[in-house]
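Subject: Structure for you to look at

Dear colleague,

I am handing over the structure we spoke about, together with notes on what was found in it. Please open it alongside this message, as the notes are meant to be read with the model in view.

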Amino acid sequence: MKNYKKPTIFSLSSAPGKAGVSVFRISGPSATKALKSLTRQKFFEPRRVTLKKIYNKNNELIDSCLLFFMQGPNSFTGEDCVELHVHGSVAVIEKLTSELYSLGLRQAEAGEFTRRAFENGKMDLTEAEGLADLIDAETEGQHKQAIKQMDGALRHLYEGWRENLLNALAQIEGEIDFPDEGDIPDNLSHKALSYLNLVLEGSEKVLKTADTGEAIRHGLDIVIIGSPNTGKSTILNALSKRDAAIVTPTAGTTRDIVSINMTLTGIPVRISDTAGIRDTSNEIEAEGIDRALKLSKKADILIHVIDLTEDNSDNNIKSQIPDGDIVVYNKVDKYQKQTTLKSSISSNEIKISALKEKDIDDLRALIEKIILEKYTVGNEPTLTRVRHRNCVSEMFLSITRAASCLNKSPELAGDDIRSALYALEELAGASDIESVFDRIFSRFCVGK
Ligand code: GDP
């Protein structure tokens, strides 16, 4: 933490351009000085909204505005903070900006207000990340996950773990301090182990949420795959209700990946149509197939399409499809042997006619069912970033090591517990990792 006097920063915190109201934020040690100069007033009552006229140095009226003064440390950043709600006029914004520059204030960098809040202990790194995700949230699932994290869900979780790790460490250190007292070591080690087990159980459970948490932040990848001409492009178009992909009777037409974005069950999803898989000597088609296979490996949900009108020995294809993937039997409108098929349909299989849009809604419902089964945002805390997963995994491994050498070598176990505590500090942002901070805060917008 730097200890020189921080510059006072300002920013337009609402979207730029013409609007009903525009909000300027000022934060730092000279915030009140700037306010005095703008309003020609000497005293500002904290946490009280007042209507004020603001002037530039030449005594020209800039605007009438609503003024909020929050005195540090009781403010978002922990410093003296001011909000000016001016009329959303481009000219007012320009005039006020140039006046704030002339008062010696500096334009805030992206995320700088939040970074100050973090540095002044107003939030930990996971809460700052939750706030960033909340600002980026576009769907209900993202909103639910982000607000939970911003509200301290992860912080509460790791604070509990830290408590247990410190208790375990205290037990072990007691053991090291009293090595000769007969039955004490076993007893103490046993107690330490129960603390360690609590953290191991909790962290193992939360590590399982990482895939879901990360997928909800980034959106899910759903990939449609199958042989050429099975109707993959027609399915994509029917799902998206528009002509996103080209449909032709000529096999091998889809060569690049065509994707559409939509929201299903409150989660952003990207559904991609891929080149039909077959042996080909055409270089461009082969490249398309290669891309299709690569994308399908990364997919969160795969939809395999089988053309019912082809003699494609369904059973063979089906046996290669992993459980949990969706199997769509397409072109049911041209298929005669309906009864045989019906008996072989399982819960993740569906027969449709993409061309006639028959049972497309059922396909959408099936996709939603699978999303809900695999990717529901519950009330439990979730890990939402690779950074979280790495820190918690690191902690888990250190505790596992500590638990295994607890009886034989309490000193080593103590070292491993200290490593686990360090991993938790990293998760909280308490250990000074400038490069990580830079990456997280620079992704905020200016004014936040
Ligand atoms: P893709 O190569 O797998 O993407 O298949 P397309 O979507 O391009 O479709 C190939 C051909 O099958 C086109 O002529 C489509 O009109 C036709 N087709 C697609 N779905 C159906 C369907 O449900 N029924 C019928 N009869 N034809 C379909």
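Two strands are said to pair here if DSSP finds at least two bridges between them. Please also keep in mind throughout that this is a predicted model.

At the β3 end, β3 is joined to strand β4 (residues 61-70) by 6 bridges in the antiparallel sense, and Lys52 stands opposite Cys65 in β4.

Further along the sheet, β1 and strand β2 (residues 19-27) are antiparallel and pair over 4 bridges, with Leu12 having Phe24 in β2 as its bridge partner. These two strands form a hairpin with 6 residues between them, and in the turn Gly17 has a positive phi of about 100°. Towards β6 (residues 106-107), by contrast, β1 runs parallel, joined by 2 bridges, and Phe10 stands opposite Gln107 there.

Which way do the residues of strand β1 (residues 9-12) point? Ile9 and Ser11 point one way, Phe10 and Leu12 point the other way, and all of them are buried. In a regular strand the side chains alternate between the two faces of the sheet.

A further group of strands is arranged around strand β9 (residues 267-273). Because 6 of the 7 residues of β9 are buried, this strand is largely enclosed by the rest of the structure. Strand β7 (residues 220-226) pairs with β9 in the parallel sense over 5 bridges, and Leu220 stands opposite Val269 in β9. Strand β8 (residues 258-264) is joined to β9 by 7 bridges and runs antiparallel to it, and Met262 stands opposite Val269 as well. In the hairpin that β8 and β9 make, there are 2 residues between the strands, and Thr265 takes a positive phi near 50°.

Turning to the ligand, you will find that 17 residues surround it, and that the closest are Asn229, Lys232, Ser233, Thr234 and Asp333. By class, this shell has 5 nonpolar, 8 polar and 4 charged residues, and its largest share, 3 residues, comes from helix α9 (residues 232-240).

On the side-chain part, an N or O atom of Asp333 is 2.8 Å from a nitrogen atom of the ligand. Taken alone the ligand exposes 580 Å², and the protein buries 88% of that.

Two single residues may also be worth a look in the viewer. Thr384 is found in the loop between α13 (360-374) and α14 (386-405). Is Thr384 buried or exposed? Its relative accessibility is 0%, and since buried means under 20% relative accessible area, Thr384 counts as buried. Leaving aside its neighbours within four places in sequence, Thr384 is in contact with Asp133, Gln145, Gln149, Gly213, Glu214 and Arg217.

Arg401, in turn, is found in helix α14, and with a relative accessible area of 39% it is partly exposed. Arg401 and Ile417 are 16 residues apart in sequence, and their C-alpha atoms are 8.7 Å apart in space.

Finally, some totals for the protein. The secondary structure comes to 16 helices and 12 strands, and of the 448 residues, 49% count as buried. Among contacts with a separation of 6 or more, 63% are accounted for by residues 24 or more positions apart. The accessible surface of the protein comes to about 22,800 Å², and 50% of it belongs to carbon and sulfur atoms.

With best wishes

How values were computed
Residues are numbered from 1 along each chain as its sequence is written. This is a predicted model: local features need pLDDT of at least 70, side-chain atom pairs count only at pLDDT 80 or more; totals for chains, interfaces and linings use all residues. Side-chain values use heavy atoms; hydrogens and water are left out. A residue is near a molecule or strand if one of its heavy atoms lies within 4 Å of it. A polar contact is a pair of N or O atoms within 3.5 Å; within protein, one must be able to donate a hydrogen and the other to accept it, and residues adjacent in sequence count only if both atoms are side-chain atoms. Accessible areas come from the Shrake-Rupley method with a 1.4 Å probe; for residues, only the protein chains shown count as cover. Ala, Val, Leu, Ile, Met, Phe, Trp, Tyr, Cys and Pro count as nonpolar, Asp, Glu, Lys and Arg as charged, and the others, Gly among them, as polar. Buried means under 20% relative accessible area, exposed over 50%, partly exposed in between (1.4 Å probe, protein chains only). Contact means heavy atoms within 4.5 Å.
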